[in-house]
Structure formats: structure tokens, C-alpha cells
Amino acid sequence: MSRHLPCPSTFIAVLAAALIAAPLAHGLQLPPGSLLDSQAIDDVEGALHPPAIPVVAFGTDAAHVGDLNGDGRSEVAVASWGDVDGFSVFRGQVWILFLATDGTVQRRTLITPGQAGLDLRPEEALHFGGAVTGLGDLNGDGVPDIAVGSQTDTDAVQSGGAGGAVWILFLRRDGTVKSRHKISASTTPFLAQAKRITRIGHAVGGLGDVNGDGHGDLVVSASRLDGTPGGGFGVPTDAMILFLRPDGSVLRRRILPGSIFGVAAVDSPFGTGGLSPTRFADALEGLGDLDGDGTPDLAIGVPVDPNLGGASLAYGAVYIARLRPNGSVKAINKISTGVGGFLDPASSIGAAPPVFRFFGDGLGALGDIDGDGTADLAVGSTGLGGFGRVWVLRLSPQGAVIGQVEIDQFITAPTVGGTRFGSSLASPGDLDGDGGIDLLVGAPSDAPGTQEGDAFLGAAHVLFLSGSP
């Protein structure tokens, strides 16, 4: 199921397979979350069969959707943030992938303005597909639903309201859109009044039912325009929990500013032409009930974190926020190299962490991979130049790391360039029935079929992972 590549990449892939097979041959047990095999999904492999339209950055985001068609396997959504056809460079897509047990695509539904029941004009959905998350069955019709970010939506900006939007899409079993609801300044009063908030929907995350009303809730990122460093560049500065009604409208909200996590927004130490400012809430992921108190918890990716100090702030961090039913934070645990039980082997004890890792660029809830009753997490680290990796982290109920496995892009998909492997992560569950929870990883800068005239950029990789002993 792995990509077939010519030498010298083949040698790397064969060596990786040998390293995996060696401990198994000697009766040794791989740690939960170790890579066993992989399957690429792009315009060359995986039976995606993309349509004859330009596609940019396939794999920008990804999400667990749930079982739409009732075959016992969960579907995944993969986002691509735009095509390259004139003005519609900002028009994105969401691909609902129905996966086979070998990780290839059995069937797919492409959701984009004017297709699959999404009755929007391209200009109504600027940057549609920049972010996507599953919501579970929000409206109670027995079919899972999704939320899609459209961070450059401008329908209310001219009146002084907030920019950006989130689309709640109610799905049919074939992945097409049955109905929709837009969350933006034009539909949500508190956003219309929030004149200093913009870029809503840069990141989105389904949380489950936080407030106990029987309906799933949503967390989104937003950027402040109140002089906060980074806000003026559209960099996320806050997370915002939206308590949803069954029709997708917002009952109320809870803002979680970066400051309560000790992440005070700062300008880039390298100037605005270099490293971006602090990127709080650049990725968001619901973890389920991590600590067993009955309330879902939240992971927040901060791939540029000033708390690390100096040039090393670009290592990045993940903050585990354990929530109360009203959405407030009762406890926080930080994960970065040398912090929270996690250590990048590239760091030596007492030395500065390696820079430009962008740890936390992607987040994916895994469920319980090691059978200890606690949810676990995959974290993407896209790295300088896009040379990425994924960390499978086994968590304690408090959100500390009790075990880790590193998966490098060169093992799963050897390549000569950076692919931003790890930008997005989503688990389809146990696809192949071997007892291990599997993982889809986005690589939006991958160009496997690149040739003159090629109009498809990006890839996803289904990773088959080992389970608990």
C-alpha cells in the first residue's frame, strides 16, 4: 500500500520497512501508534480521480466525519483551500472520502460552491475550505454533519462587522449537502457587534456536547484588530467556543484569549517580512472527555509560541485545555519539547530546542490508541521548508505525554522537497480491522504528479498504525 518510488527513495522506503519488520521478527512489540504501512491519496495514487479543475493545497485540513453510508467505517473530509481559475483563486473545496480498508478511495463527493448541493456563488464563499471539522449528528437526522471555515468572507465587513465565516453543512448519506447555515456577522448578532474581531474560521474544531444540552459544540479561531500584535496580519489570537443549536445557529459563545494560556501575542522577532507573529489557535481539536469529568476537552496548536523565547519560539507548542460545562478553562497543560512529558530527540538536555519545527501546526484526535481509557493525540510539525513529521502522543488524563512515536515524511513518502506533511490530521478509526487506530495526514505542498500543465497540488497519506499489545 506504500508509494512505489525509484532509487534512491526506494532504498529509504525499504530500509524503513526493514526497521519496522525487525522487531516483529524477533517477537518484540512495537509501541502503540507505530507506523506499519501507508497509502498515498493524490492525483496519481489512491483512486481519488480528481475532476479536471485546478486544485491547490489538497490536504490543507482534514477531519473525522463519522459513518455516513452505514458500512461501519468512518468517512473523512479533506480540504483544499482554492483553485487557480482567475478570481476564484479563493474558492476552495471539501472532499468527503469514503475509504476502503486498504486506504484507497472507494468513492468521493466534492463539495464546492455550485456543486454537491452547496448553492453558493464563488464570491459568497471566499477561502471556503480553509478549515474543516466534524460535528457529529447536529440536527438529529441520523447523519453526521460538518463545519467549514471561510476566513476571508466579507459579507458584513463593509458595515463594520467581523470578517470571516463558518458554514455548518448538514449532509446526506452520500456526502452531498442537504442544507446549510452560515455563522458570520450577518447572521450572528454578537459577531456583528465585535468590530475588532476578524478572520473567524481560520481554524475550526468539533468539541462534542460541552454544555450538556444534547447538541455538539464548536471551537473556532479569530484574530483581533485592537492593536494586538499579529491581529492586523490575520494571525489567530483567540479561540472562541460556539454553543450550537440543532439548526447550526449560535446560542452563545465563550472567548478563550491566548493570554489565559500565558501566550501573549508578540510581533515577530525577525520583523514582519520574516517569521510570522505568535500563532495562537492555529489548529484546534476536540479530544473528547480526557479527564473523565463528563465535559469534553480541547487541544490548541500554537506553532509559533513566544513562551519558548528568542529564535526558538518557532519550535511550537500544544496546550491541552480541560473545560468546564460553561466553556471556561479549569486546567491547562502545555506540551513542547522538554515540557509536559514530551521531548524531541533533536533536543539535548539543557540545550535550546531546535528552531522552525512549527510543532502544533496540525492536530488530530486519535481516540484511545493504547487501551488505557484515555484519549490520545497526533500532532503535526511541518518544519522549516515544509519537511514535516507527525508525533503520536499518548496522553494522561491531565494531558501530559506518557509515550510518543515519531513518523517522518521521508519514511511515509520519500521526496526531494518539503510537502508540509503533518499540516492536517484526521483519524478514520481502525480501517483495516487489525486493532490499531489509523490516521490520515495532509501534505498540501506535495506534488507527486507534477508535470507541465498539471493542475493538482497536495496529497493525503493514510497511515496504518499499530495498536496496543
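The model is predicted: local features need pLDDT of at least 70 and side-chain atom pairs pLDDT 80 or more, while totals for chains, interfaces and linings use all residues. Residues are numbered from 1 along each chain as its sequence is written, and side-chain values use heavy atoms, with hydrogens and water left out.

## Aromatic pairs

The structure holds six aromatic pairs. Rings of Phe, Tyr and Trp (its six-membered ring) pair if their centres lie within 6.5 Å; planes under 30 degrees apart count as stacked, over 60 as edge-to-face and the rest as tilted. F261 and Y319 make an edge-to-face pair, at 5.9 Å centre to centre and 70° between the planes. This pair links distant parts of the chain, 58 residues apart: F261 is in the loop between β14 (250–257) and β15 (283–288), and Y319 is in strand β17 (residues 317–323). Strands here are DSSP runs (E, at least two residues), numbered from the N terminus.

The ring centres of Y315 and F359 are 5.7 Å apart and their planes are at 35°, so this pair is tilted. Y315, in the loop between β16 (297–302) and β17, and F359, in strand β19 (residues 359–367), are 44 residues apart. Both Y315 and F359 are buried. Ring pairs join Y315, F342, F359 and W391 into a cluster.

## Charges over rings

The charged end of R107 sits over the ring of F98, 4.0 Å from its centre. R252 lies over the face of F243, with 4.1 Å to the ring centre. The criterion is NZ of Lys or CZ of Arg within 6 Å of the ring centre and within 35 degrees of the ring normal.

## A four-strand sheet

Four strands form an open sheet in the order β6-β7-β8-β9, with antiparallel pairing; two strands pair if DSSP finds at least two bridges between them. At the edges, β6 (131–136) and β9 (177–183) each pair on one side only.

Strand β7 (residues 145–150) and strand β8 (residues 165–171) pair over six bridges. G149 stands opposite V166 in β8.

## The nonpolar core

The largest nonpolar core has 21 residues, and F261, F280, L298 and I300 have the most contacts inside it. Such a core is a set of buried Ala, Val, Leu, Ile, Met, Phe, Trp, Tyr and Cys residues joined through side-chain atoms within 4.5 Å. Two or more residues come from each of β13 (238–244), β16 and β17. Strand β17 gives the largest share, four residues.

Key. Buried means under 20% relative accessible area, exposed over 50%, partly exposed in between (1.4 Å probe, protein chains only).
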